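Colleague: I'd like to learn how to read the features of a model like this one. Can we go through them one by one?

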Amino acid sequence: MAEFSHTFPAARGIQSGRPCYVAMCPLRLVPKIFIFDGQEVPPELRAQRVLNRTRIPDIVSYLVDNPSDYTLSGITASVDGQVSFEPSTDTGLGQNLGLLSIPMDAKILINDGQHRREAIVQAIEQNPELGYDNIPVLFFIDDGLKRSQQMFADLNKHAVRPSDSISTLYDHRDALSELARNVVREVKVFSRLTEMERSSISNRSSKFFTLSAIKNASKALLMKGKNTPITAEEENLAIQFWNEVAENMQDWQLALEKKVATCELREQYVHAHGVMLQAMGHVGSDLICKPKSQWCAILQGLQKIDWARANSDWEGRAMHHGRISKARSSVVLSGNYIKQQLGVPLTPTEKEYEESLK
């Protein structure tokens, strides 16, 4: 087998004194060439974490549903074998461009990208045409288990997951993200006071809401699941609802007019936090089933609610031991309190939460 090899057009480089190679690999070869170290052996004897199969279906769906409009980042792999590189020229830039040959009996172990590999395998089964696309691969020469484990640690040590807000801002496939962006644009108080990149707000920020919180609240309002289409009528209804809520939140209007600092509102009131926004979405899901004139009249009651954190009624609901809580139970119990103040009946499930609170 040593006489036979996989050959790739590649670029050669150096990292930390070691040679490395970047090549484009057809997707159909990925399952045949790359090995995932997923054996049932102790972690200290592996160079990878165990494959999390719950992550695979989403990646497969992404590839299959967007065959002409997907983006797949590269794979990093270690080659346990003697590779050869034939440069295209002996001098100049061409000496680092050429053909990389890897013996077929060499083990090529994935250091980063094992979930992409498994998703590619399943996606090609559903759509064989994907097999003719390519994925970039960064090849290193295997220096043993210890080095491979260190590579895995280094590759993942500085990986930072983007915030939910900036993911919502940039995701043009997700209907809920599109809804959130449109709601922010059309609701005046949101358009001026929403943090579009971060999913948390610093004490010194002049912003009042986060894009991710508005997305989650609007999702609760329309009772929409992931990847569920949203009609223009539903989007318009959401915009009307949030505009009406904003009109009845006097402190929000003061913040919009810069008559009060947003940091002061965050320190003193629960309505300045995502838990209230999402709770309001749940409340609204029951209200918008009624004629608009009715739910608009009901929302006027928001003006009479005591939103102060000093109000002990919020303890055990929006707050636990004086701290704002984002837990699911906090969202439901906060929504229950708002409903009670507005004179809106609770659902059987919401009544169960009230019993548990007592």
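This is a predicted model: local features need pLDDT of at least 70, side-chain atom pairs count only at pLDDT 80 or more; totals for chains, interfaces and linings use all residues.

Colleague: Give me an example, then. Where is Glu-118 found?

Modeller: Glu-118 is in helix 3, which covers residues 114-126.

Colleague: And is Glu-118 buried or exposed?

Modeller: The cut-offs come first: buried is under 20% relative accessible area, exposed is over 50%, and partly exposed is in between, with a 1.4 Å probe and protein chains only. Glu-118 has 15% relative accessibility, so it counts as buried.

Colleague: Which residues does Glu-118 touch?

Modeller: Contact means heavy atoms within 4.5 Å. Not counting residues up to four places away in sequence, Glu-118 touches Leu-51, Arg-53 and Ile-56.

Colleague: On to the strands. How do I read pairing?

Modeller: Two strands pair if DSSP finds at least two bridges between them. Strand 1 (residues 5-15) and strand 2 are an antiparallel pair with six bridges, and Arg-12 stands opposite Tyr-21 in strand 2. On strand 2 there is also an antiparallel pairing with strand 8 (residues 134-141), over seven bridges; here Tyr-21 stands opposite Phe-139.

Colleague: What about strand 4 and strand 7?

Modeller: Strand 4 (residues 75-80) runs antiparallel to strand 7, and five bridges join them. Ala-77 stands opposite Ile-110 of strand 7. Strand 7 (residues 107-112) has five of its six residues buried, so it is largely enclosed by the rest of the structure.

Colleague: Next, aromatic pairs. What's the rule, and how many does it give?

Modeller: Rings of Phe, Tyr and Trp (its six-membered ring) pair if their centres lie within 6.5 Å; planes under 30 degrees apart count as stacked, over 60 as edge-to-face and the rest as tilted. By this rule there are twelve aromatic pairs. Take Tyr-21 and Phe-85: their ring centres are 5.6 Å apart with planes at 35°, so the pair is tilted. Tyr-21 is in strand 2 (residues 18-26) and Phe-85 in strand 5 (residues 84-87), so the pair ties together parts that are 64 residues apart in sequence. Both partners are buried, Tyr-21 at 8% relative accessibility and Phe-85 at 15%.

Colleague: Which geometry do Phe-209 and Trp-252 have?

Modeller: That aromatic pair is edge-to-face, with 4.9 Å centre to centre and 80° between the planes. Phe-209 sits in strand 10 and Trp-252 in helix 10 (residues 250-256), so-called distant parts of the chain, 43 residues apart. Phe-209 is buried at 4% relative accessibility, and Trp-252 is buried at 0%.

Colleague: How should I read backbone phi?

Modeller: Most residues other than glycine have a negative phi, and most peptide bonds are trans. Lys-258 has a positive phi of about 60° although it is not a glycine. Lys-258 lies in the loop between helix 10 and helix 11 (262-268) and is exposed at 71% relative accessibility. His-321 also has a positive phi, near 55°; this residue is in the loop between strand 11 (319-320) and strand 12 (323-324) and is exposed at 78%. Then there's Ser-16, with a positive phi near 45° in the hairpin of strand 1 and strand 2, which has two residues between the strands.

Colleague: Last one: which element gives the most to the lining of the second largest pocket?

Modeller: On a 1 Å grid over the protein atoms alone, a pocket is an open set of points where a 1.4 Å probe fits, with protein on both sides within 12 Å along at least five of seven lines; lining residues have an atom within 4 Å of a point. The second largest pocket holds about 550 Å³ of space, a volume being the space filled by probe spheres set on the grid points, which are joined across faces, edges and corners. Among its 22 lining residues, Ser-199, Thr-210, Ala-213, Gly-274 and Lys-326 are the closest to its centre. Helix 12 gives the most to the lining, with four residues.

Notes. Residues are numbered from 1 along each chain as its sequence is written. Side-chain values use heavy atoms; hydrogens and water are left out.
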